[in-house]
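Hi,

Here is the structure I promised to pass on. Please open it alongside this email and follow along.

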Amino acid sequence: MHWNKVSVTVSPEQADAIESLLWALGAVSVTFSDSQDNPIFEPPVGEHPLWQQSEISALFDQESDLSEITDAIAAECDASVHVEALVERAWEREWLDQFKPIAFGDRLWIVPSAYDSPEDAEVVLRLDPGLAFGTGTHPTTAMILRWLDTMRVDGLSMLDYGCGSGILAIAGLLLGAKTATAVDIDPQAIQATVDNAEQNQVSNRLVTGEVGRVAIGQYDIVLANILAEPLCALAETLCQSTDVGGTLVLSGILQTQRDEVAAAYEGRAIVIDEYEQEGWVAMVLKTC
């Protein structure tokens, strides 16, 4: 069996109508992507802006009438339509080809379950791509993982605020942390964290749950890999959750947002180190 991918580039004003039309024509999925490399990194809370030109791609089964679909789109908007046949593929193999064992420093490796552990891997975190963000490949996550690899966290307590897949909390536990708490606003993130903790046999030292439903105390190390706006809004919360003299690590900050975030923590914590990768910044702070 194969699938037909139908793509059309539209303006924000046309997007809703074309999306509704594609669903009505029998699409099994509809996705939006940026057609002109104009990323939207951090929209205001509650807003979901589209790009100046969005590519809408719809997937149809092989029995669909492509002429009817393309004619209907042409009648709705003046835009060229691209049709591509997609042959059925082994998607598990596809992600395995992209996600392979990765080292983060001298000790820590992230290894998908389908692979054997590298011989020189001292600490192995087993992780497979899932619904929740966080496989270690994104610079914002990779910078914190490399920082953790350099630290001696034996016997310390940790908080992973905005845990995604739980990768940071689990890495800390595998590196020797005594306990960790992982919280997020997304229920899927919590389930992914629970599953990953079980796979890595650290569930007995991890507390996880949605923000507001888990008691947050004070910790030796607090990690927050989110975005600049919530990092600024949460400055008081994150500092209060860090022991006096403890370490607070912030990531998800664009280089252009570095000063804004630092200003939000002024008087509460002191920046002692920074890391940069591909336009992103991670900041290490000591609380006052």
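Start with Leu 223. Which residues does Leu 223 touch, leaving out those up to four places away in sequence? They are Ile 144, Trp 147, Leu 148, Met 158, Leu 159, Asp 160, Tyr 161, Leu 168 and Val 249. Keep in mind that this is a predicted model.

Leu 223 also belongs to the largest nonpolar core, which has 32 residues. Leu 108, Leu 125, Leu 145, Leu 148 and Leu 223 touch the most other members. Several elements give two or more residues to this core, among them β6 (108–111), β7 (123–126), α4 (139–150) and β11 (219–225). Helix α5 gives the most, with six residues. There is also a second, separate core of 24 residues. It includes Leu 231, Leu 248, Leu 250 and Ala 269.

Now look at α6, residues 187–199. This helix has 13 residues and reaches 19 Å from its first C-alpha to its last. That is close to the expected 18 Å. Its buried residues are Ala 189, Ile 190, Ala 192, Thr 193, Asn 196 and Ala 197.

Asp 186 caps the N-terminal end of α6, with a side-chain oxygen 2.9 Å from the backbone nitrogen of Gln 188. Just after α6, Gln 201 takes a positive phi of about 60°.

Best wishes

How values were computed
Residues numbered from 1 in each chain as written. Predicted model: local features only at pLDDT ≥ 70, side-chain atom pairs only at ≥ 80, totals over all residues. Heavy atoms only, no water. Helix = DSSP H or I, 4+ residues; strand = E, 2+ residues; numbered from the N terminus. Expected span 1.5 Å × (residues − 1). Buried < 20%, exposed > 50% of the residue type's maximum accessible area, 1.4 Å probe, protein only. Polar contact = N/O pair within 3.5 Å; in protein donor to acceptor, adjacent residues only side chain to side chain. Core = buried A, V, L, I, M, F, W, Y, C linked by side-chain atoms within 4.5 Å. Contact = heavy atoms within 4.5 Å.
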